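Please read the following walk through the structure, which moves from the chain as a whole to two of its residues.

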Amino acid sequence: MNIVIYGCGENGCQAYHCLRHDSNVTMIGFLDGNPKTKGTEYLGLPVLGDFDEIARLRRDAGLRGAIAAVGDNVARARINTRLRHEGLQIVRAIHPQVMIESPKSIGEGVILEMGAAVHALAEVGEGCFMGTATIMAHHCKAGRYTTLSGGVSTGGGVTVGSFTLIGVGANIHPHRNVGSNVIVGVGASVIKDVPDNCVVAGVPARHLRTLAALDLTGVK
Ligand SMILES: CC(C)(COP(=O)(O)OP(=O)(O)OC[C@H]1O[C@@H](n2cnc3c(N)ncnc32)[C@H](O)[C@@H]1OP(=O)(O)O)[C@@H](O)C(=O)NCCC(=O)NCCS
């Protein structure tokens, strides 16, 4: 299937290096919201423009699939919503060296970097990002468009809500719940449940501040 990656930044680079091993897809280029990138190359592929190019690419280049690859969780959700609306199938970018053992589900649009691990009965929600050496233990659940940065480690039975960012190297005590729209700081150790809409950090993790509720306009 011919696909494009939306986003020619760091996240797009990570998605590219997962998808380049996938014999089921052919990457025909990148899309990007920055008009200055149109007509340039990224990682040896053409940057083809923005959403308004999709109809032409479907007609002339057999484009059928895509994936949003930007770091901001809500932006990633908005982009995948729009790509779907334009008639494209949202693909998964899963590096062949991800370890996956009998998960319950892995949603569309996930980006799972080299060396991530998904254990038995885990649920990885749509559009989640998992970095290298991130462990999602058995019976864990991550909601939609949540980022588990590199080196994050969860005990068994942890749930994480949607649109949450777990910072690099943080770990979460087994069977704890982290809410939606949460930021967990780099290196934190979460030993208590964390409510929605806040920032926590430190060892053990403590409340730093409250976040405004997310604006999910344009997200389906
Ligand atoms: C937690 C975090 C969101 C706080 O950022 P911030 O709101 O800009 O906070 P500040 O840097 O102003 O720091 C506020 C306080 O929290 C402390 N703090 C910040 N990050 C911390 C961390 N990771 N662990 C412990 N304390 C931390 C600061 O020392 C400061 O303390 P002080 O008020 O006593 O001086 C940020 O440091 C972080 O860890 N982001 C995650 C980054 C990440 O992993 N991205 C993913 C890449 S894939």
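How far apart are the mean positions of the positive and negative charges of the protein? The 20 positive and the 18 negative charges have mean positions that are 4 Å apart, where Lys and Arg count as positive, Asp and Glu as negative, and His and the chain ends are not counted; each charge is placed at NZ of Lys, CZ of Arg, CG of Asp or CD of Glu.

The model is a predicted one, in which local features need pLDDT of at least 70 and side-chain atom pairs count only at pLDDT 80 or more, while totals for chains, interfaces and linings use all residues. Residues are numbered from 1 along each chain as its sequence is written, and side-chain values use heavy atoms, with hydrogens and water left out.

The protein holds three helices and 25 strands, these being DSSP runs (H or I of at least four residues for helices, E of at least two for strands) numbered from the N terminus. Along the principal axes, its C-alpha atoms fill a box of roughly 55 × 35 × 25 Å. The radius of gyration of 17 Å agrees with the value near 17 Å for a compact globule of 220 residues, the rule being 2.2 Å times the number of residues to the power 0.38, with the radius taken over C-alpha atoms. Of the 220 residues, 50% count as buried, which is to say under 20% relative accessible area, whereas exposed is over 50% and partly exposed lies in between (1.4 Å probe, protein chains only).

Thr164 belongs to the loop between strand S18 (159–160) and strand S19 (165–166), and Thr164 counts as buried because its relative accessibility is 0%. Its side chain reaches the backbone oxygen of Gly179 at 2.7 Å. Apart from residues up to four places away in sequence, Thr164 touches several others, among them Asn73, Tyr145, Val178 and Gly179, a contact being heavy atoms within 4.5 Å.

Thr132 is found in the loop between strand S13 (129–130) and strand S14 (135–136), and it is partly exposed because its relative accessible area is 36%. A polar atom of the Thr132 side chain lies 2.7 Å from the backbone oxygen of Met114. Leaving aside neighbours within four places in sequence, Thr132 is in contact with Glu113, Met114, Gly115, Gly150 and Gly151. Gly151 stands 19 residues from Thr132 along the chain, and the C-alpha atoms of the two are separated by 6.3 Å.

How values were computed
A polar contact is a pair of N or O atoms within 3.5 Å; within protein, one must be able to donate a hydrogen and the other to accept it, and residues adjacent in sequence count only if both atoms are side-chain atoms.
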